[in-house]
Amino acid sequence: MTRPPAGPPPHHTLDGPDGAPPLVLGPSLGTELSVWDPQLAALKREFRVVRWDLPGHGGSPSVATTTVPALARGVLALADGLGIGRFSYAGISLGGAVGAWLAAHHPERIASLVLICSSARFGAPEAWHERAALVRESGLGPVADTAAGRWFTPGFAASPEATALLGTLRRRIAPAGYAACCDALAGYDLRGDLARITAPTLVVAGRTDPVTPPPHARELVDGIPGAGLLELPGAAHLANVERPAAVQAALLGHLAAPPDAPEALRVPAPHPSEGTAP
Ligand SMILES: O=C(O)CC1=CCC(=O)O1
């Protein structure tokens with residue numbers, strides 16, 4: 001099989017002080033880099049934050065097809081272009097898969113890792129091939145019609161945050177790019193490589209996530225040496241949107257002070273405006 005070229009580096013944004021420790025944030029299928037908005041204000045106080053867009057999502061051009069390794073090579077090209085060697089990485093779902101692949105295949109680049117509602121294998125490849133075919137044929141309407149039930153708990157699905165993200169999926173994501181990302185999910189299986197990950201890793205799961213339910217998180221934790229698990233009640237697939245303070249606290253706690261972090265990377269107590277995380 002020919003491997004898709006990495007293509008140009010993805011569209012990205014930069015926030016936080018130049019010279020702060022770099023943190024790269026990867027989004028989930030059907031969302032733009034703004035999915036990280038709930039955590040951005042806090043993260044950019046401590047990190048140089050690089051957020052990137054999937055193909056056909058946000059500002060990244062569509063591709064005909066892709067793979068997780070190709071997406072990961074795009075992230076490395078982005079980091080190279082920004083002069084970033086070693087970085088921390090946090091990703092949601094497919095964005096997490098990209099980070100896990102990088103940590104397994106380029107461990108020298110990943111200082112610390114957070115995988116949110118992600119997996120070593122996102123279920124049967126056939127389901128992703130079917131979704132890709134549906135979107136190529138009918139656009140994103142059918143997928144958007146059912147997204148609320150995957151992304152959010154019933155009590156949150158009508159919130160302004162949920163409504164905005166669902167509107168983005170329906171109106172702004174390019175079907176071709178979305179389908180290409182489904183191809184990437186179909187071809188992804190990192191189960192045999194998890195033990196290669198050396199970065200301190202935290203795995204975050206939404207307790208009622210129907211896409212990557214808690215057993216997916218436990219498989220990651222069991223396979224990645226020394227990984228920790230945080231399971232959040234009151235969250236489905238987009239746990240960082242539904243439980244923003246809890247995910248923010250987890251990110252700051254883990255990324256700032258992984259077990260092998262030098263003292264210079266350790267972060268002081270939360271900013272007073274953040275309140276206490278639940
Ligand atoms: O199925 C969805 O809509 C959510 C999702 C699956 C993989 C991913 O990145 O997001």
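Reader: What lies 2.9 Å from an oxygen atom of the ligand?

Author: In this predicted model, a polar side-chain atom of Arg 131 lies 2.9 Å from an oxygen atom of the ligand, and a polar side-chain atom of Arg 150 also lies 2.9 Å from a ligand oxygen. For Ser 93, the distance from a polar side-chain atom to an oxygen atom of the ligand is 2.7 Å. The model is predicted, so local features need pLDDT of at least 70 and side-chain atom pairs count only at pLDDT 80 or more, while totals for chains, interfaces and linings use all residues. Residues are numbered from 1 along each chain as its sequence is written, and side-chain values use heavy atoms, with hydrogens and water left out.

Reader: ok, and which residues are around the ligand?

Author: Around the ligand are Ser 28, Leu 29, Ser 93, Leu 94, Trp 128, Arg 131, Arg 150, Trp 151, Leu 185, Val 211 and His 237, where near means that a heavy atom of the residue lies within 4 Å of the molecule.

Reader: Switching to helices, how do α4 and α7 pack?

Author: Helix α4 (residues 125-138) and helix α7 (residues 175-186) pack at about 170°, with axes 8 Å apart; the axes are lines fitted to C-alpha atoms over the stretch in contact, and angles run from 0 to 180 degrees between N-to-C directions. That makes α4 roughly antiparallel to α7, a term for angles over 145 degrees.

Reader: Which residues of α4 make the contact?

Author: From α4 they include Trp 128 and Arg 131, and the α7 side includes Leu 185, with contact meaning heavy atoms within 4.5 Å. By class, the contact of α4 with α7 has eleven nonpolar, one polar and three charged residues.

Reader: And how do α2 and α3 cross?

Author: The axes of α2 (residues 68-81) and α3 (residues 94-105) come within 9 Å and cross at roughly 75°, which makes α2 roughly perpendicular to α3, the word for 65 to 115 degrees.

Conventions
Helix = DSSP H or I, 4+ residues; strand = E, 2+ residues; numbered from the N terminus. Parallel < 35°, antiparallel > 145°, perpendicular 65-115°, else oblique. Polar contact = N/O pair within 3.5 Å; in protein donor to acceptor, adjacent residues only side chain to side chain. Nonpolar A, V, L, I, M, F, W, Y, C, P; charged D, E, K, R; others polar.
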